[in-house]
Every structure is written in C-alpha cells, then in structure tokens.
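Good morning, and thank you for coming.

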Amino acid sequence: MANVADDSNPLLQDFEFPPFNAVEAKHVRSGILTILNGLESDLEELERTVHPSWPKLVEPLEKIVDKLTVAWGMINHLKAVKDTAELRAAIGEVQAEKVKFQLRLGQSKPVYNAFKALQESADWNMLSDAQKRVVENQIKEAVLNGVALEDGKREEFNQIEQELEKLSKKFDENVLDATKKFEKLITDKKDIEGLPATAVGLAAQTAVSKGHENATPEDGPWVITLDRPSVMSVLKHARNRALRKEIYRAYVTRASSGDIDNTLIIDQTLKLRLEKAKLLGYNNYAEVSMAMKMATVDKAEELLEKLRSASWDAAVQDMEDLKYFAKSQGAKESDDLSHWDINFWSERLRESKYDINEEELHPYFSLPKVMEGLFNLARTLFGIEIEAADGLAPVWNIDVRFYCVKDSSGNPTAFFYFDPYSRPSEKRGGAWMDEVVARSRVLSRDGASARLPIAHMVCNQTPPVGTKPSLMTFREVETVFHEFGHALQHMLTKQDEGLVAGIRGIERDAVELPSQFMENWCYHRDTLMGIAKHYETGESLPEDVYRKLLAARTFRAGSLSLHQIRLASVDLQLHTKYVPGGPESVYDVDRRVCEKTQVIPLLPEDRFLCSFIHVFAGGYAAGYYSYKWAEVLSADAFSAFEDAGLNDSKAVKEIGQRFRETILALGGGKAPLQVFIEFRGREPSPDALLRHNGLLPVVA
C-alpha cells in the first residue's frame, strides 16, 4: 500500500475539526506510525522528567493520551460509517503497533510510581475532587493494564491484549459482512403483503441499489436485507409466515456458519479474557470489568434477578394474550406461536388494543420536526441553544449534519455531528454516540479558554424516500433522544481536566443515565406534541392517539424487560461461571439463561451470540447489565421531575438546571453515586423503573 508524503497527510495536520472528508486508507499507515513515533519520544521524555506534580505528570500525560485518542478515534469512526476493504486492511496493519504503544503507556512504571507518590504527598489535599479522581483512576487502570506484573507475565499479558484486539476487530467485520451478504429477492407481490408502504418503498430502493434498476414499489422486484429497518418491518408486518421464518432465522444465525463464523472467535475471546483475569489476580473476567464500575458482580446479579422476577409473570401473561388474540383472528399457528410470530402478532394486538398503527404514526415523526422538538426541550431544561453549523466542519457523507451548542449568553460550548440514515453497504448497524474531542484546559487552542468538546451521534433510520423526509418509528424517535442524552453529557461538561471531562472517566454502568433519562421525555405531552406534526399538513398528532401511545408504553413491558435481562445475564454468565473449552458450549449457556428469561424455548439453531457486538466487539463485556443498572438511575432521576409536576414549568426548569449542574456537568470528576445523590438528594431506588414499566405489584 503506497504511503502519502507526511506534509499532505490529513491525519498529521493541526485541526480544530477533523478532516473526515480527506482521510483515506492510504493515509492510515504513515499517519498513525508517525503519530506513534512522536508519542513514543514524548513518553520517554515524560518518564525521564516525571515528577509527582500536576504540571510534570498529568498535563504531559493528558497530551499523549489525547493525541492517540483523537487520531485513532477518527479512523475508527470512518471504519464504522464508511467501511471499505482498503480501510480495514490499513487499520489492520497498524493495530498491533497502536496496542503495543497503549500497553507501553499503561504499564509505565515511572508514570505509575509518580501517581502513587502524588497520592501520598503533602500536595494531595490541595487537589480538587476531579484531580483526585484522575489520580485514583490512573492508578487503578495501570494495575488493570498489568503494570505490576513480573516481566514474563507481562509479556504474556501483552500478547493476550494484542490477540483480543484482533479478535474484536474480526468479530465486528464478520457481523457487517454477514449482514451485507444476505439479500432476499422477492418478485411476487403476494409475498410482501402486509408490509407498510415505507418498507415496500425501501425494499424497492434497495433492489435498485443492488442492480435491479427498474424496480418500483408497485411492481417490484423487492430486496429484503438483514439491516434492522428491513428485518423489523418483515417480522412485524409480513403476512407471509414462511418469509418471516426465513428472515428471523437468517437474522439470529448471522455470522455463525461457513467462512463467516464467529463461534471460534467467541470461544477464543472468552478463553483469553479469563487468562487475563487470572494473570491480574482475579477469579474471572467479570471481576476485572467491575473493578472500574459502580456495581459488583453480586450487586449486578441481584438487580437482574429482582427485575427478572418482577417481569416473569407479566411476560407469561403477554404470551397468553398473544395466543388468545391470534386464535380470535383465526390464525392456524395460534397454539404453536414461534419466535417469528411474536413481533407480527404483537403488532396486530397493539393495533387492535390501542388502535395504534405504526404506519399511520410515521408521517407525524419526520426527522426535521423531531430534531426541532428535541432542541426546544434542551433549551427548556438546560438553557442551551442549538444552531445548525453545516459547512463549518468537513463531513464523511452528504447527509451528515453539523451543529453548534451555545449557552444562554450565546457563547459556543460544544459541537456535534449527526449521521442519521442507514447505509448497509458501508455503515454498521445500531445507534451510538462517541467523542471526537473532549473538553480540556491543557489542550486549549488559544491558551486562554478550554478546548470545546465535540461529539458524534450516529443512527440507522430509514432514509428519505424520493421527496419524503425521513419518517420515523416511535422507537427511532426514542433512539435519537437517547443518543442526544449521551451527547449532552459529553458537551455540557464543566470539567476542564480532560481525563475526566464529559463522558471520560465515568463508570460504564452509570454512563447510560442521561441517555435513558432523555427517552422519558418522548412520553411527555408537551414535548411529544411539539414534535409530532404531520410532515405534509403540519397538523398535530391527535390527542386520542397521544393517549393511546401513553397507554401502549407498558404494552409487553414484561417481555421486553426479560429480553434485556437475557442479554445481560448471558453476558455475566459467560464471564463468571462459564469454563472455556469445558463440557458446556456458549450456546448451552444461552439456552440455560433463556429458560428463565424467555417464555418460549430458544430455537436450537439460535446463534444470536455470534452477532452480539456489544459484548464481543463493543466494550460491554461483563457490562451489558449496565443498561438496566443505569435505567434504575435514569427512571429515578426522571421521577424527580414527576414529583415536582411535569406541567409546572418553573419547577421543570429548576430541576433541569440542577440536572445540568450535576449529572451533565461533573463528568468523570466525581463518583457517580455522589453525583446522583447531589442531584436527587438520596440514593437510587428501582421503584420508579418498575412503576414506569407497569411492573410494580399492586398494593391491595
């Protein structure tokens, strides 16, 4: 692969906003290696001159960490949103060098000893809370990075880290490739009966992009893919049961056979994670994961069991309701409902029970209106203005938007990118938020004011079809609110210590608090009515439909809760009790977990684990429980607004301000439990979550 002369390499230029439009695969090798060489000498210099003081230890360290985080973040982001074979190969070529440097940095004895000395020095009490957190985190992380291991063991540890990084990259690529590889061509209109117009339009648009240039929504042909919008529309709406079965089975067996099989990667990953844990002196990998979290293994398991038992009877009832309803509709399969029937019949039952038809809701949720409503809410709650700033920063795709966040005096405090639409050929599925740069005093661009934070928000919703804007499902609306909650915590931070600013340094099981908190506002009348305007006529969502949406909120809450608990439990089981290479396979573990978390048995061929990116390629290993853990925190935080009265605008503003000054401002600079107590005035309780989900036992 030819390398580009350094002076023209966009990765090496000084930038305020990353040159996403200019970075190509050919820049990666020379750019990253040049950066790593520079950082190597910076680290040697730091080790030579280190002194247990802030300016001689933390500031130079932050510069090193940041340089790598920003540069690697850029290419990793491009791989997630604009994947090519060349980019994969280029990242693969430098990945080992990058991991090697991270280990060298994480295992630096001089840096570790300086942090220990700082903690024991007379200056310790002069440090702010946030500075103390930086020191404590660095010491803990160094130990987890193997700083205290003997040379032979450290060598082994480093080999494991290199291998794990490779496995994670390959796992992710396999899921993307398996998703991309599958296409179901449909030529007979009977086969797509029941599919909503938007889904039919998307399937025809997909067919055109796959070379059937004459495809039309009316006459086909149509192509169904394993991209989530496509899969869900089939599972929820296709009357053709055989088609639902085929798509469901393809979806839960992604990346589990032939030349795209993640089974061995899972086994190898679990084996190496366990070896790593043992080297560090832990019993299992879950203990390693919890070392930097709020929860402990026991507490996480206890919460999951509490929620599981509160959800089980409701989920059993959900299934009975479905069978009864399917029977009343004359469905032949009513006594034998299978996994590919559940979404379909749930959707029909929901339509009949609440008279809500997803398809009729779509026109009320157009992306421009949703964003406008979201920004209005942010103004009300947090006193910020969000303005379009397209053109100010380079972007990676023509559909990406760029925004500036300003405080109430009109001063910019942050920026963010928003990449809303699904692009199955190059973009990974799901939705996520990530940092581009963090707020930082040390990395100030003008030497006077802190560098401002910049975030990414990425979603995968249905793109505009023809002249129609992107029309969203209600779930997609919740997703945008969710990711925006993450972005707010990153962008509204008042923390100037870059290593704990924004989302940095926040325990992983607390990080979903602001995101899940924001989802609650989707059900708030004024917020929802502000968003839900018909894209053609501008009329508001009818009041009775709003009330039905509210009533439908707890529809199948038991089943949905159990599904999340299955994922969290199998993740914990695989990282605590599972013995790699033992008599039980990972699928046996999943099946065992499902006996207590699924009302109907798992399909024997279910290989969902092979596409469980969160746990095998996404940083949630022995951490998927975090979603439920943080949901307890977020529901309880939202209940502060409910207690004060959601229609009392003065109270809402006051509590919003307090939320901004605590949860959104303090970043990783304070332990999350302290931050929560500062906001709520007490420790968190799961009651609000159970109440929101309609799962609290009724008191006689």
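Which residues form one aromatic cluster? They are F382, F517, W521, F638, F641, F659 and F679.

A word on sources: this is a predicted model, in which local features need pLDDT of at least 70, side-chain atom pairs count only at pLDDT 80 or more, and totals for chains, interfaces and linings use all residues. Residues are numbered from 1 along each chain as its sequence is written, and side-chain values use heavy atoms, with hydrogens and water left out.

The structure holds 33 aromatic pairs. Rings of Phe, Tyr and Trp (its six-membered ring) pair if their centres lie within 6.5 Å; planes under 30 degrees apart count as stacked, over 60 as edge-to-face and the rest as tilted.

One of these pairs is Y354 with F555, edge-to-face at 5.7 Å centre to centre and 75° between the planes. The two residues are 201 residues apart, and the pair links distant parts of the chain. Both Y354 and F555 are buried, that is, under 20% relative accessible area with a 1.4 Å probe, protein chains only.

Now consider F375 and F484: their ring centres are 5.8 Å apart and their planes lie at 45°, so this pair is tilted. F375 counts as buried at 10% relative accessibility, and F484 is buried at 0%.

Finally, charges over rings (NZ of Lys or CZ of Arg within 6 Å of the ring centre and within 35 degrees of the ring normal). The charged end of R428 sits over the ring of W432, 4.2 Å from its centre. R607 lies over the face of Y587, 4.0 Å from the ring centre.

Methods: Helix = DSSP H or I, 4+ residues; strand = E, 2+ residues; numbered from the N terminus. Buried < 20%, exposed > 50% of the residue type's maximum accessible area, 1.4 Å probe, protein only.
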